[in-house]
Amino acid sequence: QTLFYVFFGEAVLYRAYPLLIHIPLIIILYFIFKQNIYVSVISVISAYLLCTPRKWFGTAASYFFNCSPVAAYVAIAVTIPFLIIVVKYISPYMVRLKYESRAVLAVFLILPLAYYVLEYAFTVYTDLLYTGGAVILEFVDSFIVLLYVVFSLLTVEILRQKGKAERENLMLSVAAAQAQKELARIYTAEKQTAIYLYDLRHHMNFIRGCIDEERYEDAKEYINKICNQAESYKVVKYCKNEAVNIILSYYVERVKEQNTEIAVNVTAEDFSRFQITDLCSLISNALENAVHDCEKTENG
C-alpha cells in the first residue's frame with residue numbers, strides 16, 4: 001500500500017485495494033490455511049461488509065461536528081469493540097460454513113458479494129450513488145428486493161432438499177435395522193435346518209427303534225415334536241411379495257410366543273408401485289408397535 005501511495009497516489013491506491021488486499025487474503029486462506037474457496041471468499045467479503053457499521057459511526061460523528069475529519073477518525077475507534085463482538089459472536093458461525101454443501105455456501109455468498117460489487121461500482125470506481133439521483137437509489141432498492149426473493153427461494157429449496165435427504169436417511173436406517181433382524185432370523189433358520197439335517201440319521205434311528213419295539217405312540221409323539229419345531233421356522237405365504245411374507249411370518253411367531261391371538265389377511269396383490277425398503281419399514285414399524293402394545297396390555 002505504501003508503494004502504491006508513493007508512486008501512484010491515493011486515488012489509485014483506493015481503486016486497487018481489492019488487488020492489493022482482498023484477493024491476496026483469499027489466496028492465503030485457500031492455499032496456506034487450506035480453506036474451501038467459497039469459505040475463503042465469504043470470509044474476506046463478509047469482513048469488508050462488516051466495515052460498514054464502523055464507517056457509519058465515523059460519518060455520523062463527522063456530521064454532528066461540522067464535518068470534522070478528526071471526529072470521524074475518533075469515532076472509528078469503535079472498530080476495537082466491534083471487532084471483539086465479531087470474533088466472539090459471529091466468527092463461530094462462519095467457521096461452521098466449511099461443513100456445509102456448496103449450494104448452501106453459494107447462498108451465503110450472494111449477499112456479501114452483491115454488496116461488495118455495488119459498493120465498488122457506485123462509490124469507488126464511480127460516484128453514481130451520490131450523483132445518480134432517483135435512478136440509482138431505486139435500482140438499489142429493487143436490487144435488494146430481488147436479492148431477498150432469490151435468497152429466500154434458494155434457502156427454501158435447500159431446506160427442502162435437506163429435509164428430503166434426512167427423511168431418506170431415516171428410512172434407510174429403519175430398513176437397514178429391519179434387514180439385520182431378518183438376516184438374523186434367516187441365519188437362525190439355516191442353523192436350525194443344518195442341525196436337523198445333521199441329526200436326521202439319529203432321528204430316523206430313534207423312530208425305527210420305536211417301531212421295532214412297537215412303541216408307536218412314542219414314535220408319533222416324536223414325529224409331531226419334530227414337525228412342530230420345523231413349522232416354527234417356516235415362512236408362510238400370505239401374499240405374492242416374499243419380503244412381506246418374511247416379515248409377517250416373523251411377527252406372527254412372536255405374537256404366538258406371547259399367547260396372543262393374531263389373524264393375517266393380505267388383500268393387496270400389486271406391490272410394484274412401492275419401494276421395497278419403504279414397504280418393509282412401514283409394515284415392520286406398525287407390527288413392532290402392535291407387539292409392544294400387546295405386551296404392555298398383558299403385563300398391565
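Pro18 lies in helix α3 (residues 17–32), where helices (H or I, at least four residues) are DSSP runs numbered from the N terminus. The model is predicted, so that local features need pLDDT of at least 70 and side-chain atom pairs count only at pLDDT 80 or more, while totals for chains, interfaces and linings use all residues. Residues are numbered from 1 along each chain as its sequence is written, and side-chain values use heavy atoms, with hydrogens and water left out. At a relative accessibility of 10%, Pro18 counts as buried (buried, under 20% relative accessible area; exposed, over 50%; partly exposed, in between; 1.4 Å probe, protein chains only). Beyond its neighbours within four places in sequence, Pro18 is in contact (heavy atoms within 4.5 Å) with Ile23, Pro24, Tyr116, Tyr120 and Tyr125. Although Pro18 and Tyr120 are 102 residues apart along the chain, their C-alpha atoms are separated by 9.5 Å.

Tyr116 and Tyr120 also belong to the largest nonpolar core, which has 13 residues. Such a core is a set of buried Ala, Val, Leu, Ile, Met, Phe, Trp, Tyr and Cys residues joined through side-chain atoms within 4.5 Å. Val41, Ile42, Ile45, Leu105 and Leu109 are likewise among the residues with the most contacts inside this core. Two or more of its residues are given by each of α4 (37–49) and α8 (102–124), and α4 supplies the largest share, 6 residues. Val41 is in contact with Ile26 and Leu109, leaving aside its neighbours within four places in sequence. A second, separate core of 11 residues includes Ile247, Tyr251, Val255 and Leu279.

Helix α4 packs against helix α5 (residues 51–64) at an angle of about 15 degrees, with the axes 4 Å apart. Axes are lines fitted to C-alpha atoms, for helices over the stretch in contact, and angles run from 0 to 180 degrees between N-to-C directions. The two helices are therefore roughly parallel to each other (angles under 35 degrees). Ala47, Tyr48 and Leu49 of α4 meet Cys51, Thr52 and Pro53 of α5 in this contact. By class, the contact has 5 nonpolar, 1 polar and no charged residues; Ala, Val, Leu, Ile, Met, Phe, Trp, Tyr, Cys and Pro count as nonpolar, Asp, Glu, Lys and Arg as charged, and the others, Gly among them, as polar.

Cys51 is partly exposed, with a relative accessible area of 23%, whereas Cys210 is buried, at 0%. The count of disulfides (pairs of cysteine sulfur atoms within 2.5 Å) comes to 0. Ser62, also found in helix α5, is buried with a relative accessible area of 14%. Not counting residues up to four places away in sequence, Ser62 touches Cys67, Ser68, Ala71 and Ala72.

How values were computed: Parallel < 35°, antiparallel > 145°, perpendicular 65-115°, else oblique.
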